[in-house]
Amino acid sequence: MPFTFSKVSAVIRAVRLSRQREVAAARMAALEESNNLLQSQARQLEHQTREARELAHELALTNEELRSAMSEARKAWQAADAANRTKAEFLAVMSHELRTPLNSIGGYVDLLEMELRGPLTDSQKSDLQRIKRGQQHLLRLISDILNFTRLEATEVKYEIIDVPVRALLADLDAVVSSLATAKELDYDCDTPPSGVFTRIDPDKLRQIMINLLSNAVKFTPAGGRIRVSCSVQETTVSISVEDNGPGIPADKLEAVFEPFVQLNRGLTRTTEGTGLGLAISRGLARGMGAEVTLRSQVGKGSVFTLVLPLVRSRATPAGGVRALQSS
């Protein structure tokens, strides 16, 4: 058959049509694939939307429960705070009611000891001494309980002034020396330089130191040793009370600062006190920006340290500080 131009054109048209059909088929396949992908993504999006709605609903319920729990907690806190204040008020009233007759007992004991009612025998004097010791012990217990209750209720008032550390320790020396002598303890106090001042409530500071020192006397066996020392750092002044008593196990060092705690059950039965002294001391110290720390080793004794803020304007000269630290 003779090859003509029309036949060539027909072949070219056929090839073009074939290619166009292939391209169209490929596009249709791509469009179907894209459509299927979009439908799958739409289903996933719808599923995620349902999950999001369910989650939002659950979150709304949780928020409502949380608001309800917070409301209940607030009511419980308010009730506890009211109960705590009622307890503090009750103890304050009871403290006054108990102190009045106890002070009367102490006054009558003093009158009898002065023999204004007539001469006393030695046995009667001894009995009066026992009555007086019991009366003073009850007054201390009442004061401890009342002070601890006030600490819990944050009703303690502080009168912060500059206090000379040397004068404070000198004031305590006479009190502690007599207690140590009565128990045959060796008592030593390193006197700090006169220029060391701390900014604190002097009455609360004295109460803390008496608690620490009386504890040392109480738990150190006869013939033991108690030493008070002082050191000055850059911003603090530390007063340490060291004894060579039975010591405290490492896992009980924090427990001694809990209220009503005396570590040895035997000591709880035989040693006077409520177990509130150290709890009160740490609470008072922290309320004034100070701290009470403890180092101890069983069988070797304990060191209670009261860390106080140093008054920079009245700090000792460099030589004085070095002398104090080396003592």
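User: Quick one to start: a crossing is right-handed if the near helix is turned clockwise from the far one by less than a right angle, and left-handed if anticlockwise. In which kind of crossing does helix 3 pass helix 4?

Analyst: A right-handed one. Keep in mind that this is a predicted model.

User: OK. At what angle do helix 3 and helix 4 pack, and how far apart are their axes?

Analyst: The angle is about 30°, and the axes of helix 3 (residues 165-182) and helix 4 (residues 202-219) are 11 Å apart. Angles under 35 degrees count as roughly parallel, so helix 3 and helix 4 are roughly parallel to each other.

User: And what are the angle and axis distance for helix 4 with helix 6?

Analyst: Helix 4 and helix 6 pack at about 150°, with 9 Å between their axes. The cut-off for roughly antiparallel is over 145 degrees, and helix 4 and helix 6 therefore count as roughly antiparallel. Helix 4 passes helix 6 in a left-handed crossing.

User: Is helix 6 mostly covered or mostly open?

Analyst: Mostly covered: eight of the 11 residues in helix 6 (residues 277-287) are buried. The buried ones are Gly277, Leu278, Ala279, Ile280, Ser281, Arg282, Leu284 and Ala285.

User: What comes just after helix 6?

Analyst: Gly289, which takes a positive phi of about 80°.

User: Which residue other than glycine has a positive phi?

Analyst: Glu184 does, with phi near 60°. For background, most residues other than glycine have a negative phi.

User: Where is Glu184 found, and is Glu184 buried or exposed?

Analyst: Glu184 is in the loop between helix 3 and strand 2 (186-189). Glu184 counts as exposed because its relative accessibility is 59%, and the cut-off for exposed is over 50%.

User: Switching to the surface. Which residues make the nonpolar patch?

Analyst: Tyr108, Leu111, Met114 and Leu116 make a nonpolar surface patch of about 440 Å². Tyr108 lies in helix 1 (residues 5-113). With a relative accessibility of 56%, Tyr108 counts as exposed.

User: Zooming out, how many helices and strands are in the protein chain?

Analyst: Seven helices and seven strands. Starting at the N terminus, the order is α-α-β-α-β-β-α-β-β-α-α-β-β-α.

User: Last one: what share of the protein chain counts as buried?

Analyst: The protein chain has 327 residues, and 30% of them count as buried.

Key
Residues numbered from 1 in each chain as written. Predicted model: local features only at pLDDT ≥ 70, side-chain atom pairs only at ≥ 80, totals over all residues. Heavy atoms only, no water. Patch = residues over 30% accessible without salt bridge, like charges linked within 9 Å, V, L, I, M, F, W, Y side chains within 5 Å. Areas by Shrake-Rupley, 256 points an atom, 1.4 Å probe, with all protein chains shown as cover. Salt bridge = Lys/Arg side-chain N within 4 Å of Asp/Glu carboxyl O. Helix = DSSP H or I, 4+ residues; strand = E, 2+ residues; numbered from the N terminus. Buried < 20%, exposed > 50% of the residue type's maximum accessible area, 1.4 Å probe, protein only. Axes fitted to C-alpha atoms, helices over the stretch in contact; angles between N-to-C directions. Parallel < 35°, antiparallel > 145°, perpendicular 65-115°, else oblique.
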